[in-house]
Amino acid sequence: MINDKKVLFSAMQSTGNLTLGNYLGALKNWTTLCDEYECFYAVADLHSITVRQEPAEFRKRARNLLTLFIAAGIDPEKNCLYYQSHVSGHAELSWILNCFTYMGELNRMTQFKDKAAKHADNINAGLYTYPVLMAADILLYQADVVPVGKDQLQHLELTRDIAQRFNSIYGDVFTVPEPYIGKSGARVMSLQDPTKKMSKSDENQNGSIYLMDDPDTIMRKCKRAVTDSEGCVRYRDEQPGIRNLIDIYCACNDLTPQEVEKEFDGKGYGDFKMAVGESVISVLKPLQDRYQDLSKNKDYIDRIVKENAEKAGYYANKTLRKVKKKVGFTEMIR
């Protein structure tokens, strides 16, 4: 607990381009959490190298992501926004926790199986121990809560198991984190396959709206969104395409599905898709303008990177020193 606030940790990988789903489902809500929590938000570049990256492009994407955090409204003076790789404690604690994690636990991780199937030519040890690094990310800052989707719940459960195992041996070292239960973000699905989440790794570019898409591209993608032949704007499981568009419209305009149904009663899909596109454009335009301004201000971003890395490092080292002492490492003579 820092400054009488509970600690919240979350991270995003610096691969691909962030989507409307990333914004409405996570970033939009992150902007206000600092009122209640001490928030650490990492650019998860260590996690990203389980898949081969082109170095120059990788560095660019990492900086773009941190800049997008700020452009989305996450105040770097009130929150700690930093590169995971700038705090060596993540890797150090990950190795220690590897020695307290069982093979059977890692063998049960479904995400490893999924990623291994997608990258059969690069099934590396990092991909396998990825959940332990995630545990280190969380435990390093003594996080009380972690916002997680259903696909990450298994990893958080492993983090809790590791923390409890370590604590049972060495005493009260780690805070055992809980999943963050707050205002849930919009669950945005693919515009081309509404049974799947909108993803920055989707091979079908028309399935995702990216945060930097221009207005014409956004409108075109909305117009091409998969719907059905019923022709009525109704929030029903039987109409997953329209349901998804209603969710997007609701999130952009702070409306309920019932209010949207009433607004578009008697209108066709063409009118509705046009309205969805216009709403998305109005939400993303201020973010895009802010991002462009920030990108030109190199000195400001560099200062944020430096100061936030120092802040993250301070809190990480407090935990790491305690862990090293508990396991019996010899302290450095300074």
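Helix α10 is followed by D254, whose phi is positive, near 55°. Helices here are DSSP runs of H or I with at least four residues, numbered from the N terminus. The model is predicted, so local features need pLDDT of at least 70 and side-chain atom pairs count only at pLDDT 80 or more, while totals for chains, interfaces and linings use all residues. Residues are numbered from 1 along each chain as its sequence is written, and side-chain values use heavy atoms, without hydrogens and water.

The 14 residues of α10 (240–253) should span 20 Å at 1.5 Å a residue, and the end C-alpha atoms are 20 Å apart, which agrees; the expected span is 1.5 Å times one less than the number of residues. Because 11 of these 14 residues are buried, α10 is largely enclosed by the rest of the structure. Buried means under 20% relative accessible area with a 1.4 Å probe, protein chains only. Among the buried residues are I242, L245, D247 and Y249.

Elsewhere, the count is one cavity of 30 Å³ or more. A cavity is a set of points on a 1 Å grid over the protein atoms alone where a 1.4 Å probe fits but cannot get out, and its lining residues have an atom within 4 Å of a point. The largest cavity holds about 50 Å³, the volume being the space filled by probe spheres set on the points, which are joined across faces, edges and corners. Its lining consists of M109, Q111, F112, K115, L127, Y130, P131 and H155, with α6 (110–118) and α7 (125–140) each giving two or more residues.

Methods
On a 1 Å grid over the protein atoms alone, a cavity is a set of points where a 1.4 Å probe fits but cannot get out, and a pocket is an open set with protein on both sides within 12 Å along at least five of seven lines; lining residues have an atom within 4 Å of a point. Buried means under 20% relative accessible area, exposed over 50%, partly exposed in between (1.4 Å probe, protein chains only).
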